[in-house]
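Subject: Structure for your files

Hello,

Here is the structure I said I would pass on. My notes on the contents follow below.

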Amino acid sequence: MLGRAALGDKQAMHLLYERHHDPLFAFIRIRCRDESLAGDVVHDAMLEVWRSAGRYSGRASVRTWIFAIARNKLVDRLRRGARVSYVEEVPDLPDETPDAETVLGSAQDAARVRSCLGRLKEAHLAVIRLAFYEGLAYDEISEAEGIPLGTVKTRVHHAKKLLLHCLGRRR
């Protein structure tokens, strides 16, 4: 699909955009904690993908390449002095369980998980999101984040340890 986009195929680019928009937006939003900025960065990144599709080397997966472009666009924006706003919570996810007791228990568990995720450092949260929510392999995370593979493994290890510790505590 990227090859077709490189040849100017707008439909291929549209499909590429649709496929990567949501996970890319979530990835950037975690890093900047600002939905407006995340939307702008995703837009900038996808424009860059459109402009530079012909220069894709194939060294990384297309997804990893796009994530790396977006990360670089965010870094550029932050360096230029864009304001970053921080939020305290991850938005609630709807629970469609019909049983009220199950819904209450699930909501309490989800709130605990969100609370524990909210306590992670940005670097830990980013690798957890990419590994467990986006399904990226550690080498893809390394490429997307621009960090060594060993650092990814260490961050995931520490993040899981912190989450287990946090979830093990009862309120």
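**A buried glutamate, and the cores**

Glu134 lies in the loop that runs between H6 and H7. Please keep in mind that the model is predicted. Is Glu134 buried or exposed? Glu134 counts as buried because its relative accessibility is 13%, and the cut-off for buried is under 20%.

Leaving aside neighbours within four places in sequence, Glu134 is in contact with Pro23, Ala26, Arg63 and Arg129. With Arg63 there is a side-chain to side-chain polar contact of 3.1 Å. Asp22 is 112 residues away from Glu134 in sequence, yet their C-alpha atoms are 10.0 Å apart.

Next, H7 itself. Its buried residues include Ile141, Ser142, Ala144 and Glu145. H2, H4, H6 and H8 are among the elements that cover the buried residues of H7. After H7 comes Gly146, with a positive phi near 70°.

Ile141 also belongs to the largest nonpolar core, which has 31 residues. Ile141 is among those with the most contacts inside that core, along with Leu24, Ile28, Met46, Val49 and Ile66. The elements giving two or more residues to this core are H1, H2, H3, H4, H6, H7 and H8. H3 supplies the largest share, 7 residues. Another core lies apart from this one and has 9 residues, including Cys116, Leu125, Ala159 and Leu163.

As for Val49, not counting residues up to four places away in sequence, it touches Leu2, Met13, Leu16, Trp65, Ile66 and Ile69.

Regards

How values were computed:
Residues numbered from 1 in each chain as written. Predicted model: local features only at pLDDT ≥ 70, side-chain atom pairs only at ≥ 80, totals over all residues. Heavy atoms only, no water. Core = buried A, V, L, I, M, F, W, Y, C linked by side-chain atoms within 4.5 Å. Buried < 20%, exposed > 50% of the residue type's maximum accessible area, 1.4 Å probe, protein only. Helix = DSSP H or I, 4+ residues; strand = E, 2+ residues; numbered from the N terminus. Contact = heavy atoms within 4.5 Å. Polar contact = N/O pair within 3.5 Å; in protein donor to acceptor, adjacent residues only side chain to side chain.
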